[in-house]
Amino acid sequence: MELRQIRYVLALAEECHFGRAAERLHVAQSALSQQLKQLERELGTALFTRSTRRVELTEAGRQLVAHGQSIMVEVGRAEEQMGLLATGRAGRVSIGFVGTATYDVLPQIARRVRERLPDVALELHGELLNPELVEGLRDGTYDLALLRSDPLPDGGLAFTALRSERLVAALPAGHRLSDRSRIGLAELAEEPFVVHPSRGRSSMHSRVLAACARAGFVPAPLTEVGETSTLAVFVAAGHGVALVPESVQSLRLDRVVYVPLAETETVTLGLARRTLRNSRATQRIAAMIEEYMSSGSGR
């Protein structure tokens, strides 16, 4: 049984006249008649009773019409869904975010996708570190990742810089420097530091140590934590100070004060994706992220 034959049956059932049904279907009346006779032979039962004046459905015909109507509804839904997928207006897209992008970029992107692409299912994963985001892109866990601009492994991944952020000092409330409008990084030389994980697990760890080295000291002791939100909590609890991208200030915590540095120490946030195997929905959302960030809203 072919979809074309089902369409023929439904048209004839509604028109009850071969000529009108053939005209509606834009086929010759003889072709319509031939196709329906062939279908009846295949099914082993008559679908219509024919007279010189009228065409009527048999009981088998009525049953087939009911099935045919349901089939055509599903076909219509499938065609619509395929159209949405082909244009990137439907599908599933998984996005991973480094800790800082979790707080300011993730909510805005989620809202924009919901408004503009309501048929796209978003999977959002926040508070992740660069290495696991890169690995997730490679194995297909994530379609897109907002991460720091550490050199990505050669081949298979592309990176687009989105914004440059200054590092600021995160201090516990009541700290001797918390009421300053700006501090030199060397003024933190004797402070314990709260940092992201070492041994290549976080790009921020090496960046913070490099900034301190340029200021002439090696921070010690160090308390390592896996998530930016946890880092801020540790600062609030008085376990030490930290250097964080300025966007972390959107994570508002009592007893944490953010103070700009006299030095210009920056980190870059960017969008990474695979160079191949990107769905249309992934491409649309990548463009949406780049548009949002370039507009200045994501700064």
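A: Glu127 is found in strand β4, which covers residues 120-128; helices (H or I, at least four residues) and strands (E, at least two) are DSSP runs, numbered from the N terminus. This is a predicted model, in which local features need pLDDT of at least 70 and side-chain atom pairs count only at pLDDT 80 or more, while totals for chains, interfaces and linings use all residues. Residues are numbered from 1 along each chain as its sequence is written, and side-chain values use heavy atoms, with hydrogens and water left out.

Phi of Glu127 is near 55°, a positive value in a residue other than glycine. The relative accessible area of Glu127 is 15%, so Glu127 is buried (buried means under 20% relative accessible area, exposed over 50%, partly exposed in between, with a 1.4 Å probe and protein chains only).

His26 also has a positive phi, near 60°, and is not glycine either. His26 is found in the loop between α2 (18-25) and α3 (29-43), and it counts as exposed because its relative accessibility is 74%.

Another backbone feature is the cis peptide bond from Ala220 to Pro221, with omega near -5°. Pro221 lies in the loop that runs between α7 (203-214) and β8 (222-224).

As for the whole protein chain, 45% of its 299 residues count as buried. The C-alpha atoms of the chain fill a box of roughly 105 × 40 × 30 Å along the principal axes.
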